[in-house]
Amino acid sequence: MSQYYLGEFEEVVLLTVAILNKEAYGVAIIEEIEKRMKRKVSVGAVQTVLRRLESKGMLESEFGEATKVRGGKRKRYYSLTRYGRQVLQETKDQRLDLWKAIPSLSLK
C-alpha cells in the first residue's frame, strides 16, 4: 500500500500533468481536466494542489521563457518526479485490485 494517500483531485491533477507531458502549466491543466472530466475546476483549486504535490515531492516545476503574448510573464511548467510516477502506479494498482475483486454478479 502507498505510504501517501492520494486524494481524488490530486490524482486527477497528477494524471493530467502526465497526459500533458512537457506542456503542463496552469491553464493547460485546467482546460484538460475540464475537457476530460466534464467538470469545472477553479484556478485556485488547481494551483493549491500543484503546490501541495510539489511540496510532497510528486511534481517539480520550472519556468518557461517569457513571451509577448503573456506580457512578458513566464509560464510555470510541471512534470512528474520519479516519486510521483510511483504514487500514480501504486494508486492504479490498488484501484485495479478493487475492480478485480468485484464479483461478476455485482456489476449486472
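**Helix packing and the nonpolar core**

In helix 4 of this predicted model, Gly 84, Val 87, Leu 88 and Thr 91 are buried. These residues lie on the same side of helix 4, because they cover an arc of only 100° around the axis. The buried residues of helix 4 pack against helix 1 and strand 2. Helix 4 comprises 20 residues, and the distance from its first C-alpha to its last is 29 Å, close to the 28 Å expected at 1.5 Å a residue.

Helix 1 spans residues 8-20, and its end C-alpha atoms are 18 Å apart, which agrees with the 18 Å that its 13 residues should span at 1.5 Å a residue. Buried residues of helix 1 include Phe 9, Val 13, Val 17 and Leu 20. The buried residues of this helix pack against helix 2 (26-37), helix 3 (43-55), strand 1 (59-63), strand 2 (76-80) and helix 4 (82-101). Helix 1 is followed by Asn 21, which has a positive phi, near 55°.

The largest nonpolar core contains 25 residues, and Val 17 and Ile 29 have the most contacts inside it. At least two residues of this core come from each of helix 1, helix 2, helix 3, strand 2 and helix 4. Helix 1 gives the most, with six residues. When residues up to four places away in sequence are not counted, Val 17 touches Ala 24, Ile 29, Leu 50, Leu 59, Tyr 78, Ser 79 and Leu 80.

How values were computed. Residues numbered from 1 in each chain as written. Predicted model: local features only at pLDDT ≥ 70, side-chain atom pairs only at ≥ 80, totals over all residues. Heavy atoms only, no water. Helix = DSSP H or I, 4+ residues; strand = E, 2+ residues; numbered from the N terminus. Expected span 1.5 Å × (residues − 1). Buried < 20%, exposed > 50% of the residue type's maximum accessible area, 1.4 Å probe, protein only. Contact = heavy atoms within 4.5 Å. Core = buried A, V, L, I, M, F, W, Y, C linked by side-chain atoms within 4.5 Å. Arc of directions from axis to C-beta.
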